[in-house]
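Hi,

Here is the structure I promised to hand over. Have a look first, and my notes on what turned up follow below.

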Amino acid sequence: MREPAVRCCRDSLCVSVLASRRRFFQGTASLLNPAAVALTQLHLRLCFRSWLAGMLSVLLGLVPSASSNISTSRPNILLLMADDLGIGDIGCYGNNTMRTPNIDRLAEDGVKLTQHISAASLCTPSRAAFLTGRYPVRSGMVSSIGYRVLQWTGASGGLPTNETTFAKILKEKGYATGLIGKWHLGLNCESASDHCHHPLHHGFDHFYGMPFSLMGDCAHWELSEKRVNLEQKLNFLFQVLALVALTLVAGKLTHLIPVSWTPVIWSALWAVLLLAGSYFVGALIVHADCLLMRNHTITEQPMRFQKTTPLILQEVASFLKRNKHGPFLLFVSFLHVHIPLITMENFLGKSLHGLYGDNVEEMDWMVGQILDTLDMEGLTNSTLIYFTSDHGGSLENQLGRTQYGGWNGIYKGGKGMGGWEGGIRVPGIFRWPGVLPAGQVIGEPTSLMDVFPTVVQLAGGEVPQDRVIDGQDLLPLLLGTAQHSDHEFLMHYCEGFLHAARWHQRDKGTTWKVHFVTPVFQPEGAGACYGRKVCPCFGEKVLHHDPPLLFDLSRDPSETHVLTPASEPVFYQVMERVQRAVREHQRTLSPVPLQLDRLGNIWRPWLQPCCGPFPLCWCLREDGPQ
């Protein structure tokens, strides 16, 4: 009851000062005294400050303060990442034929980023950058020989043990941390049980999902990542050795080749083994790579695909209920919408875009189920949600006239293309009710790497000072307290090769894009490298541009009009500034072992996770939902 009394006293002071002021203007002699005038001015200032403070306290009492909410509580953090989803596949990014009401609802209730950029156009390097806030070239999560992602679960490459993920920092700050879904950042280093690259070694308390990645080979699809290529190689070697064996036999029997039976028997034996290998390699891949783990334990090998989606949703709900008293960090890394597009029966044939559309709409339904769980557990207002894709949609996932990859809207190129927008521009949606403004759209350049410093700061942690962090804290931009992104330059790599760079010229409101290298599309005039899995990063199938190609993304986001010195007056100034920024960036790079090169990216039987005596890798340890 003291505060009203103070207000009453202050009101009385204002009345007395106003009365004095009135007498002063009427010519009262006592107020002509300089001391009296000074006293009156002081009273007026005190009155004004008192009134202003009172009004502010009333307003602040009526209107929730975002900065107050942020400073007094640490939010739960839910990160949702799709696999191979194109930015043009979602309703809120312009698709009016694909039904994604739940993702659209996130955008309506939150902040949508329209120039959100992945640090790489393929899974493994993009996810490494997302978790560490660093370009993948800094951690060595790139290749120089065309092995652009991890090829096997039983390979020794992976996210280095000396890298710091945001999960590791949040765990140290008291967060319960979980990863459900796809990992694809390595597993073992020297033995099948050392788990040096495992999610639990990188800051996650809980892991349930695929240590590798869903692939067409998991379902013996014609669209194959490695099975078809391995079968062809094994068949070729079989034919060579079979020919050698037959030649030796013929030479031995005709006495034209003086040789013992030993090389004949060995060449024939190897030919038989290669033939058997070509026949069984598909089954080997399914058992070696298509498995589910709970923490360090294999639960399904191989996976039962029709059970996978219910299992993932059950695991998400269980984690949220178990940790609802928070704070928690949950990274849901969807297996959707990567081929072979495993889709439950009740979604098949329901979309206007075939199996790919069915899979996208099923993933949106999964998002809705997760949002419903948040609501039921009372977690909606205390949880920051982020939705994105690891890179653009795949244009080359095509059989005949049927497209099994995503659509990247107005943007040129797609998955695997290091510089073109279609490969790296992805959805970016943040929702935090009562804190972030609903329905806000931001066109400033942002990056998946920005999630690292943003969630670290929100959790009360500190961004590491012993290494270069390329991400920037997004919170001022999301809250509207900053007008511009902190990214002046962003570099766009293809493996370890710099293909492009963008410059956000803030004072002009312009975003320039410079391409140093671009892939050669096949066939000529096409918008992708059809006939290959992805476009190459180097070699005879790329073009090196001198001078580099220049685009103004502010006016030409589709990158269709190449600017020249004749058409752009500041052409040379832009080129000089971008190339200087590239040199400055390159000076910050240090040599590191490349995790995806040949030695770290070949199958090693002794590193293969197996739930039985190798090679009898088969088990079903959890039955899951019926």
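A cavity here is a set of points on a 1 Å grid over the protein atoms alone where a 1.4 Å probe fits but cannot get out, and a volume is the space filled by probe spheres set on the points, with grid points joined across faces, edges and corners. Before going on, the ground rules: this is a predicted model, with local features needing pLDDT of at least 70 and side-chain atom pairs counting only at pLDDT 80 or more, while totals for chains, interfaces and linings use all residues. Residues are numbered from 1 along each chain as its sequence is written, and side-chain values use heavy atoms, with hydrogens and water left out.

The largest cavity holds about 140 Å³ of space. Its lining is made of 16 residues (lining means having an atom within 4 Å of a point), and L214, T308, T309, L335 and H336 lie nearest the centre. Two elements give two or more residues to that lining, α10 (305-322) and α11 (354-376). Helices here are DSSP runs of H or I with at least four residues, strands are runs of E with at least two, and both are numbered from the N terminus. α10 provides the largest share of the lining, four residues. By class, the lining of the largest cavity has nine nonpolar, seven polar and no charged residues; Ala, Val, Leu, Ile, Met, Phe, Trp, Tyr, Cys and Pro count as nonpolar, Asp, Glu, Lys and Arg as charged, and the others, Gly among them, as polar.

The second largest cavity has about 90 Å³ of space. It is lined by 13 residues, with A120, P125, R148, C494 and E495 closest to its centre. Its lining splits into ten nonpolar, one polar and two charged residues.

Now for open space. How much lies in the largest pocket? About 1,400 Å³, where a pocket is an open set with protein on both sides within 12 Å along at least five of seven lines. The largest pocket is lined by 50 residues, and Q151, E225, K226, K533 and V534 lie nearest its centre. α8 and β9 (398-399) are the elements that give two or more residues to this lining, and the largest share, six residues, comes from α8. The classes here are 23 nonpolar, 14 polar and 13 charged.

α8 turns up again in the helix packing. Helix α8 (residues 227-254) and helix α9 (residues 261-289) have axes that come within 8 Å and cross at roughly 160 degrees. That makes α8 roughly antiparallel to α9. For the conventions, axes are lines fitted to C-alpha atoms, for helices over the stretch in contact, and angles run from 0 to 180 degrees between N-to-C directions; under 35 degrees counts as roughly parallel, over 145 as roughly antiparallel, 65 to 115 as roughly perpendicular and the rest as oblique. The contact of α8 with α9 has 21 nonpolar, five polar and three charged residues. The crossing of α8 and α9 is left-handed, meaning that the near helix is turned anticlockwise from the far one by less than a right angle, with clockwise giving right-handed.

On covalent links, the structure holds six disulfides, each a pair of cysteine sulfur atoms within 2.5 Å. One of them joins C189 to C196, with S to S at 1.8 Å. The link of C189 and C196 is right-handed, with 95 degrees about the S-S bond.

Some backbone details to check in your viewer:

- The peptide bond from G326 to P327 is cis, with omega near -5 degrees, and P327 is found in the loop between α10 and β7 (328-333).
- D546 to P547 is also a cis peptide bond, with omega near 5 degrees; P547 is in strand β17 (residues 542-552).
- H220, a residue other than glycine, has a positive phi near 55 degrees and lies in the loop between β4 (206-210) and α8.
- E559 is not a glycine either, yet has a positive phi of about 55 degrees; E559 lies in the loop between β17 and α15 (571-586).

Cheers
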